[in-house]
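Please open the structure in your viewer and keep the selection tool at hand. The stops below say what to select next and what is there.

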Amino acid sequence: MVAPLPPPLPSLEYASPEQSPAWQQLAALSAAPLPSLRDLAASQDTDWPDRANALQFSAAGLRLDARHQAIGQTTWQGLIALAKQQKIAQWATAQRQGLWVNTTERRPALHALLRADPADRPPDMGQWLPNAHEVQAVFHERTRMLATAQALHEGRWRGFSGETITDVVNIGIGGSDLGPRMASQALSLEGLRASPQTATAQKTRVHFLSNPDPWSVYTCLASVHAATTVFVVQSKSFTTPETQRIAQTVQGWMAAAGCPSHRRMDQWIAVTARPDLAEAAGYRNENIFQIWPWVGGRTSVWSSIGLPLAVAIGAQGFTDFLAGARAMDTHFWTAPIEKNMPMALALLGLWNQNFLHCPSQAIAVYSSPLAGFVPYLQQLEMESNGKRVHLSGQPAQIPTGPIVWGGLGIDGQHAYFQLLHQGRHRVAVDFIAVENDDCPLPEARSHQAMVLDNLRAQAQALAFGRTTEETSAALTQEGLTPADNQRLTPHRSFPGNTPNSTVWLTRRDPAHLGALLALYEHKVFCQAMLLQIQPFDQWGVELGKSLLSS
């Protein structure tokens, strides 16, 4: 029996978003002289008495402080009107229900189902999946994967020589690498505070091998032993050329190290949407974990793609990771637009890029274990929203996905922050920080205070700058002569007016990290729907793959 087609998606009233009345109102607002961030901060008591509260959001243990965004009350109301006009709430419901929001590939995008709790998931979640059994299959595969991950985490696996497995190497690229790698680095015991709730005795090290560059492969293999290492091959299609090439080399390396042919697959795990290909390649059925065509690579860490993360932090840690994301899902689906954190990030990003002409988005992270969040977010943002046509197929005449870049904030202050403060490019900034980031270092508290003081100072300096009058007064205070004061004032003044927000995690633990990732997933989806582009395909990536294999 052929499954019925799902009901239609929310209707698009305009062929492109700039034709909508709300967009045109925002364009008119941005064309008029805009108040500076200094002016907005100084006038909030009279023009927008509740501005400070209206631009702060909280959900799932995260807090978004957007007071340093160039947003007045009329603009904010116009952005909310645009979200309503573009039916973002209806699109979110369609995604949750499993409608074909991936319109070009005619698939759902049900990554939220991957982190759902079977006991209390929304009754409509995934209701339009063609195969009704897939919902239960998601939970079944999670149970299988976590059991395997916990056995590896606790050192209960043994290799071909009978020795205990000490290392797990993840072989995958793109979404099969960036999410698990980033989360594992952020939550590894080297960085995770020691607390009874989250810390366990990790016995297995986790490594990531994504690049077939010979030095990458050689360096990784030089750090592990064939008899005590499990290899996890992650590939949705199970034909990814880079991943397959690395796996072939590693299998030859194991044979050269003395692994007998009949034990060759003892230490190999496959995660794929093509279990038939994995089985044909010799992988054992109990070591094959399934994902589904509707699982996008950049949103797949919640599935069995997250196995290396579960090895690193244990089954309970991974369960907490899912719970944090689920809490953000609930907030996104239920909070009104005015207080909806993912929606706020999307609307602010749209205003900055499409109306304030900020083509790039800098991400400044003020917690070193979270350094991998930047390359993770680059894929999530630019692979999703780096598109040039609207959902209707019409060429886009407006900017779509922002250029995402950045790194550790403290390091950046001594490098690219110079351009942020005085360069000719206007760059929007998201700061990412942890309020309570415990560390065993005896002086950790003072170090952490220094890091967060730097963040607050940079956020304020980027927003408010320093006027020529203030600079001249400061130079006079330094004792400069009037001639030197006049000469240096232009060089040491700062325009400010750089829009920035800060996302605060209460703690750096699995639940809060899960909430952070879900926050940006929903933000990217909302921004795509505001722009009327398709965020769930990646035909540019597929083009490169096809040329490589041809």
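Residues are numbered from 1 along each chain as its sequence is written, and side-chain values use heavy atoms, with hydrogens and water left out.

Begin by colouring the chain by pLDDT, the predictor's confidence in each residue, from 0 to 100; the mean for the chain is 93, and 95% of its residues reach 70 or more. Then select residues 190-201, where pLDDT stays under 50. Where pLDDT is low, the predicted coordinates should not be read in detail.

Next, show the strands (DSSP runs of E, at least two residues, numbered from the N terminus). Five of them form an open parallel sheet in the order S4-S3-S5-S6-S7, where two strands pair if DSSP finds at least two bridges between them. Strand S4 (205-209) and strand S7 (288-290) each have a single partner strand, so one side of each is left without a neighbour in the sheet. Now select S5 (residues 229-234) and S6 (residues 268-272), which pair in the parallel sense over four bridges; the bridge partner of Val233 in S6 is Ala270.

Rings of Phe, Tyr and Trp (its six-membered ring) pair if their centres lie within 6.5 Å, and planes under 30 degrees apart count as stacked, over 60 as edge-to-face and the rest as tilted. The centres of Trp215 and Tyr218 are 5.7 Å apart with planes at 85 degrees, so the pair is edge-to-face. Trp215, at 61% relative accessibility, is exposed, as is Tyr218 at 55% (buried means under 20% relative accessible area, exposed over 50%, partly exposed in between, with a 1.4 Å probe and protein chains only).

Move on to Tyr366 and Phe431, whose ring centres are 5.9 Å apart and whose planes stand at 50 degrees, so the pair is tilted. Both Tyr366 and Phe431 are buried.

Terms used. Predicted model: local features only at pLDDT ≥ 70, side-chain atom pairs only at ≥ 80, totals over all residues. Contact = heavy atoms within 4.5 Å.
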